[in-house]
Amino acid sequence: MNIDIRIGPALVVPVTAEPFTGYVEVTGGEITHLGPSPTDTPAAETVTEPGRIVIPAFVNTHCHTSQQLGRGLGDDVGLLTWLHERIWPYELALDESDSELSALVCAIEQVRNGCTLLADPGGRHVDGMARGIAAVGIRALLGRSAMDSGDGRPEGDRESTDEVLDAQDELVERWHGNGLLRFSYTLRTIFNCSDDLITATMERARKLGTVVQMHVAEVPEENEHSVATRGVTTVRHLERLGALGPDLLAVHATWVDDEEIALLAERGCPVSHNAASNLKILGTPRIADMLDAGVHVALGTDGAPSNNRMSMIDEMWLAAIVQKGVRRDPTVLPAGSVLRMATIDGATALGMGGLVGSLEVGKRADLVVLDPFTPNFATAADPVSALVTACKSENVESVLCDGEWVLRDRRFTRVDEAAVLAEAADRAAAVRRRLKI
């Protein structure tokens, strides 16, 4: 039997092993060989462009696909204004076709930046979001935005606890394990989720074997709200409910103290660090302190209205440079550690570390071929370090997901990128007109 794809000779960066110059071979969507020499088996396709670098595809652990048409709507406002006056009305204004197109554009941007797995914490039209992501051919952990209480929600966005849970249960049946898609139960924030919803959601996710995505300790006002309504801060309350654990993805965790960091580490609760949106809206999280304490930290972009740059490549650089500045220590978050956060650590945080996130024989073939011959990269003394310090989206040449090229020589294989972007520009303007923004 022939090999499907042979890539090499190239600089291969497995992430979980030392880099080497050699070959990657793929058959049936699986990595079947890694080594300094190729096997003797003929290959149906070979990728032999000189000087290329092969890395695992990036994993985006927090990505609001339904917000892609709302890029720019959340600029220069605080979190609660951002939510109550901009994002919730925007999300309510979308119909299913809007959400599908938004997710499609978001998936295109992810692939352009070398990402083939994203965790979507939820929108209202999951069916549309799923179709948009699937059209590009990448993986996703889908979610439906879950809220059953609290102030500020638009009139048309109010559901009871049972209604929220029933809607998610139905989506599990439809999408969990459908192609490259999985479902993830979600919790928006403690502002808008009752204890009954939190507890029932964790029970369902643990039974299904998936993770729960929840925005945690985003702003000081959240901890103040939690103390006023539950008696303790958000992280402490989640611990009291039995929610902290490897199956709860705590997104942001910007405002946590030493005791809470220790709790996150002790319970094995992963944190999704979103450097750009944190700095823009929330604050500067103590990521270096979390890593020192043993917290499992991964990276995410958040959504277009809170970041504007939906690039895991940018997030790596920013995560490293900010923590170096916070600590005033250039040795903090070395490039190798940040690359792990964007790949295998992200996959592990989503419960998929045995499937993707590194280049290993037996894992699914999700990988990126990088072209280093660009002004920003060509002169780099250490190409592995440069993956974090110098890489840009223009270095992404080809992207393989589950053994299929979704981007080949910078061209999408499944979708007409130009046509999609033209339609998206018109649709985003139409949404803004509906909102009178």
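**Close-up 1. A look into the largest cavity of this predicted model.** The largest cavity is lined by 16 residues, and those nearest its centre are Leu-79, Trp-82, His-215, Glu-218 and His-252. Two elements each give two or more residues to this lining: helix 1, residues 79–93, and helix 9, residues 275–282. Helix 1 provides the largest share, four residues. The volume of the largest cavity is about 130 Å³, and the structure holds four cavities of 30 Å³ or more. If you are wondering how such spaces are found, rolling a probe the size of a water molecule over the atoms shows where empty space is left.

**Close-up 2. His-252, a residue beside the cavity centre with a positive phi.** We stay with one of the residues that lie nearest the centre of the largest cavity, His-252. His-252 belongs to strand 12, which covers residues 248–252. Its phi is near 85°, a positive value in a residue that is not glycine. For background, most residues other than glycine have a negative phi. Is His-252 buried or exposed? The relative accessibility of His-252 is 0%, and the cut-off for buried is under 20%, so His-252 counts as buried.

Close-up 3. Where does Ala-217 sit? Look in the loop between strand 11, residues 212–216, and helix 6, residues 220–230. Ala-217 has a phi near 50°, again a positive value in a residue other than glycine. Ala-217 is buried, with a relative accessible area of 0%.

Close-up 4. To pick out a residue pair, find Met-214, whose bridge partner in strand 12 is Ala-250.

Close-up 5. Four strands form another open sheet, in the order 6-7-8-9, with parallel pairing. At its edges are strand 6 and strand 9, the latter spanning residues 181–183, and each of them pairs on one side only. Neighbouring strands of this sheet are turned by 15° against each other on average, direction ignored.

**Close-up 6. Strand 7 and its partners on both sides.** Strand 7 runs from residue 115 to 119, and five of its five residues are buried, so this strand is largely enclosed by the rest of the structure. Strand 6, residues 58–60, runs parallel to strand 7, and three bridges join them. Two pairs to look for are Val-59, whose partner in strand 7 is Leu-117, and Asn-60, whose partner in strand 7 is Leu-118. Three bridges also join strand 7 to strand 8, residues 139–142, and these strands run parallel too. Ala-119 has Leu-141 as its bridge partner in strand 8. To get from strand 7 to strand 8, the chain passes through helix 3, residues 126–136, in a right-handed β-α-β crossover.

**Close-up 7. The largest pocket and the residues around it.** The largest pocket has a volume of about 200 Å³. Its lining consists of Gln-68, Leu-69, Arg-71, Val-105, Ile-108, Glu-109, Arg-112, Glu-417, Leu-421, Ala-424, Ala-428 and Arg-432. Helix 2, residues 96–112, and helix 16, residues 417–435, are the elements that give two or more residues to this lining. Which helix gives the most? That is helix 16, with five residues. The lining of the largest pocket divides into six nonpolar residues, one polar residue and five charged residues.

**Close-up 8. A cis peptide bond at Pro-9.** The peptide bond from Gly-8 to Pro-9 is cis, and its omega is near 0°. In general, most peptide bonds are trans.

How values were computed: Residues numbered from 1 in each chain as written. Predicted model: local features only at pLDDT ≥ 70, side-chain atom pairs only at ≥ 80, totals over all residues. Heavy atoms only, no water. Buried < 20%, exposed > 50% of the residue type's maximum accessible area, 1.4 Å probe, protein only. Pairing = 2+ DSSP bridges. Right-handed = clockwise from strand over helix to strand, strands pointing away. 1 Å grid on protein atoms, 1.4 Å probe; cavity = no way out; pocket = protein on both sides within 12 Å on 5 of 7 lines; lining within 4 Å. Points joined across faces, edges and corners; volume = space filled by probe spheres on them. Nonpolar A, V, L, I, M, F, W, Y, C, P; charged D, E, K, R; others polar. Axes fitted to C-alpha atoms, helices over the stretch in contact; angles between N-to-C directions.
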